[in-house]
Amino acid sequence: MKRIISVLMENAPGALSRIVGVFSQRGYNVDSLCVAPTDDPSLSRLTIITHGNDKIIEQITKQVNKLIDVLKIVDLTEGAHVERELMLIKVATRSEAIRSEVKRNSDIFRARIVDVNAANYTIEITGTSDKLDAFATTMAQCAEIIESSRTGVCGLARGERALRP
Amino acid sequence: MKMMSGAAMVVEALKDVGVTHVFGYPGGAVLDIYDALFAQDDVKHVLVRHEQAAAHMADGYARSTGKTGTVLVTSGPGATNTITGIATAYMDSIPMVVLSGQVPSMHIGEDAFQETDMVGCSRPIVKHSFLVKRAVDIPEAIAKAYYIANTGRPGPVVVDLPKDLVNVADEHPYVFPADVTMRSYNPTQKGHPKQIKKAVDALMRAERPVLYVGGGAIACDASAKVIELAEALFSPVTCTLMGLGAFPGTHDQFVGMLGMHGTLEANKTMHNADCILALGARFDDRVTNNVDKFCPHADIIHVDIDPASISKTVNAHIPVVGSVDKVLDQLLGQVKKHDLSRQQQKLDDWWQQIGQWRAVKCLNYEQGDTVIKPQRVIQALYQHTRGEAFVSSDVGQHQMFAALYYPYAKPRQWINSGGLGTMGFGLPAAMGVQVAHPEATSVVVTGDGSIQMNIQELSTCLQYNLPVKIISLNNRALGMVRQWQDMIYKGRHSHSYMESMPDFVKLAEAYGHIGIRVDSLDQLDDAMAECFSHKDRLVFMDVRIDQNEHVYPMQIKYGAMDDMRLSKTERT
C-alpha cells in the first residue's frame, strides 16, 4: 500500500544522504522523494512515497526517526491529508489540430501552458499523482510527449495536526 | 577567550570531554593534531600497528569501562582501515568516537592524495558523523560527538577533520560548550507508566516467567537492578552473548546463555515460558532461530531504549521504550507493592521443570587422557583466574566455548564481537581492556585463525607493556567453518584448514614476549599456572586442541528455539 512519509529534519549537510541511506541499506522502497527547506531555513521537510506492509512502514518510521538529524516523522496516510505533485510536460505540437487538442485537454485538467514554441508546448500541472498520471496519459493520446519531469509528492495533514519542531 | 590552533583545539576538547587515552596512527592529514598531542601529557596516545586494531582497542576500552573509546587516524587508508572496527562497535552499541583526518577543504572532491569520503564510507555503520567545516566549530563537534556516542543507544561517531582546519599556524577562539542540547536528539529514558503497569501485571500473572537479558543492561550499568528484580520475582534468567555478566553466571537462577549455542535449559525455558521480559536485547536471528516458531506461549515484554529494536523481528506484546536502568527502577517500584512471599511457591512447578532440563547436563563433554578438549582449556582458565579475569574473545568455536564454560560473575568482564562477529577483534580488545585496567588480568581467548588477523599488535603490546594473556585454542583449522562443513557439507573442508601455521611460540618470542606450547592434557594446568605467574609479561599460550570437536548444543536451522543438537549424535 502506498504511504506518504513526511519528515522534519535539520537542514544540514549529509542529512538527506542519511535518510536515503536508511532506505537502501535496509531494503525499503522509495517511489518518490521531495525535499526543500521550510519556512524556518534551519529545517528541511522531506516527503517520501513508499510502499510496504504495516510492519515495514513501522520499521521505516522508526529507523528514520532514529537518525540524529531527524526531528519528527509522520505517516500522512494514517489520517486526512492534502497531497500535491507538480509535473512539467513538454509535448510536440506540430499542427493546429494538435495545438488545440492539447490546449483543450489542459483546460479540462486545469493545467497551464507555461512555454510556447513553434513546435512544442510546455505545460505545468499540479495535483495528486493520480491526476498527473491521467493527464500524462491524455497528452500521450493527443500529442507526442517529448519529455516530462515530476517533483514527487509533498503533503501536509489536514486540520490542526502539524509537524513542528 | 583562549586562542589556539585547530589542532590544539582537538586536543583541548578531548581534555574537556575527559578523554585520557587515544588509540591511533599518524599520517599526513593529522600531523598537526599529532604535533598538538606531543605538547602535552593529559591525553595519552597508544600507537597501534594497524588502524583496525585502534578501533578494536578503543572498543575494548569502552566495553570494559563504559567510557567512550577514542580513535585518531589519518585520511584515506587510515580512515578506511577503521571501518571494520566501527562496524563492530555499531552492531554491539559501543560508544566510540573516531577522529579522522581529511584532505584540506579546498581539495575535497578532487580525488586528492589519501582522500576518501569517510563520512560517506562510514554512514551505514555510525550513529552519527560530522564533517567539520570551520575550525571554530571543532570544540562543539567533538562535544556533540561524545554526547551522541554515549547517550541513548550508544554507538560510534565519526568526526572528519580537514587538514586546513587543524593547521598549527592559524589560531582561533576556543569555546567549549557548557552543555550539549540537540533539538533533534532526545532519547527516551523512562518507560511510559501505562506500559510499566501492563508489564508488571503480566509479570505478576506469570507462572512461567523468564528474564532475557542483553547487552543493553550492561550499557546502562543496570546489573544490580536486574538481580534485584530477578530475585524479587524468583524468575529464571538467561543472557544473550552480549549480555553475559549482566546477571551473574554463578547465580542459582541463571539458566545459561540462550540462542544458537545456548544451553538446553535456557532455550527450553524461553520456549516454554508464559512471560518473557526482554531487557536490552534485540531478538536477533542467533537467538530466535525460526521467528515463526519463537516462544509460542509467551507474553513478550520488550524493554529497549531504541524503539526501532522493538517488534523488528519478533512482535512485542508490551513494548516499553526506555533505558533498562530507568525502566527497572519503575518495574521494581511497582513489583515491590505486590505480595512476593508466595512467588517462590508459585514458580515451584516451573523450577522443577527447569531442573529436569538442567539434569540433561548439556555442557558435558568427554575429555580423554591426552588430547585436550577446548572446553577443558576454558575451565582451566576459569580456575587459574578464579573467575575474575577480563576475558576478551575472538570469533569462532573458541568464542562459544569461552561464553559457555567461563561463568561471568560481573558485567563488562566478557568482551566479544557479538553482532558483527569480527575475527581479529580479540587481541586488540584485550589490549584496550588492559590500558583501561593496568592492574587487572586481561585475557584473550582466540584461535589459530582469528589471532592471525591482528597479530601485528604483539608489537604494540611490547611498546606499552600490556601483559595480555593470549589463550589460543589451536586446532589447525577454522573451527566453526569446519564444524558447519562437517554438519552441512558432508565433511568437505573447503579452505577451512591452514597448511602453513607459524610457530606461535617463536612468533611471540620474536615480538619480545613469552610463548608456551601445550600439547597434551597433563601439561595444561602447569602451563596455565606459569602463564599467570608472569604478571608483567605478555604470554602466548599455543594450546593444541582436538581438531574434531564441535560446539554443542546447537539450534537446528528453521526450528524453534529449543530444537537443538546436543552432540554429534543426539538431538532434542
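**Close-up 1. The exposed face of helix 8 of chain B.** Turned away from the buried side of helix 8 of chain B is a face that carries the exposed residues B:Lys194 and B:Arg205. This model is predicted. The buried residues of the helix are B:Ile196, B:Ala199, B:Val200, B:Ala202 and B:Leu203. An α-helix has 3.6 residues a turn, so residues three or four places apart point the same way.

**Close-up 2. Length and cover of helix 8 of chain B.** Helix 8 comprises residues 193-205 of chain B. Its 13 residues should span 18 Å at 1.5 Å a residue, and the end C-alpha atoms are 18 Å apart, so the two values agree. The cover over its buried residues includes three strands named here, among them strand 9 (209-213), strand 12 (275-279) and strand 13 (299-304) of chain B. Strand 14 (318-321), helix 10 (223-233) and helix 13 (324-335) of chain B also contribute to that cover.

Close-up 3. Strand 15 covers residues 390-393 of chain B. B:Phe390 and B:Ser392 point one way, B:Val391 and B:Ser393 the other, and all are buried. In a regular strand the side chains alternate between the two faces of the sheet. Strand 15 pairs in the parallel sense with strand 17 (residues 442-447) of chain B, over four bridges. There, B:Ser392 has B:Val444 as its bridge partner. Strand 15 also pairs in the parallel sense with strand 16 (residues 414-415) of chain B, over two bridges. B:Trp414 of strand 16 stands opposite B:Val391.

**Close-up 4. The open sheet of chain A.** Four strands take the order 2-3-1-4, with antiparallel pairing. Strand 2 (32-37) and strand 4 (70-75) of chain A are the edge strands, each pairing on one side only. From one strand to the next, the twist averages 15°. Strand 1 (residues 2-10) and strand 4 of chain A share five bridges in the antiparallel sense. A:Ser6 has A:Val74 of strand 4 as its bridge partner.

**Close-up 5. Two helices across the sheet of chain A.** Helix 1 (residues 15-25) of chain A lies across strand 1, strand 2 and strand 3 (43-51). Helix 1 runs at about 145° to strand 1 of chain A. Helix 2 (residues 54-66) of chain A lies across strand 1, strand 3 and strand 4. Helix 2 runs at about 165° to strand 4 of chain A.

Terms used:
Residues numbered from 1 in each chain as written. Chains lettered and ligands numbered in written order. Predicted model: local features only at pLDDT ≥ 70, side-chain atom pairs only at ≥ 80, totals over all residues. Pairing = 2+ DSSP bridges. Axes fitted to C-alpha atoms, helices over the stretch in contact; angles between N-to-C directions. Contact = placed C-beta atoms within 7 Å. Expected span 1.5 Å × (residues − 1). Buried ≥ 20, exposed ≤ 12 C-beta atoms within 10 Å, placed from the backbone.
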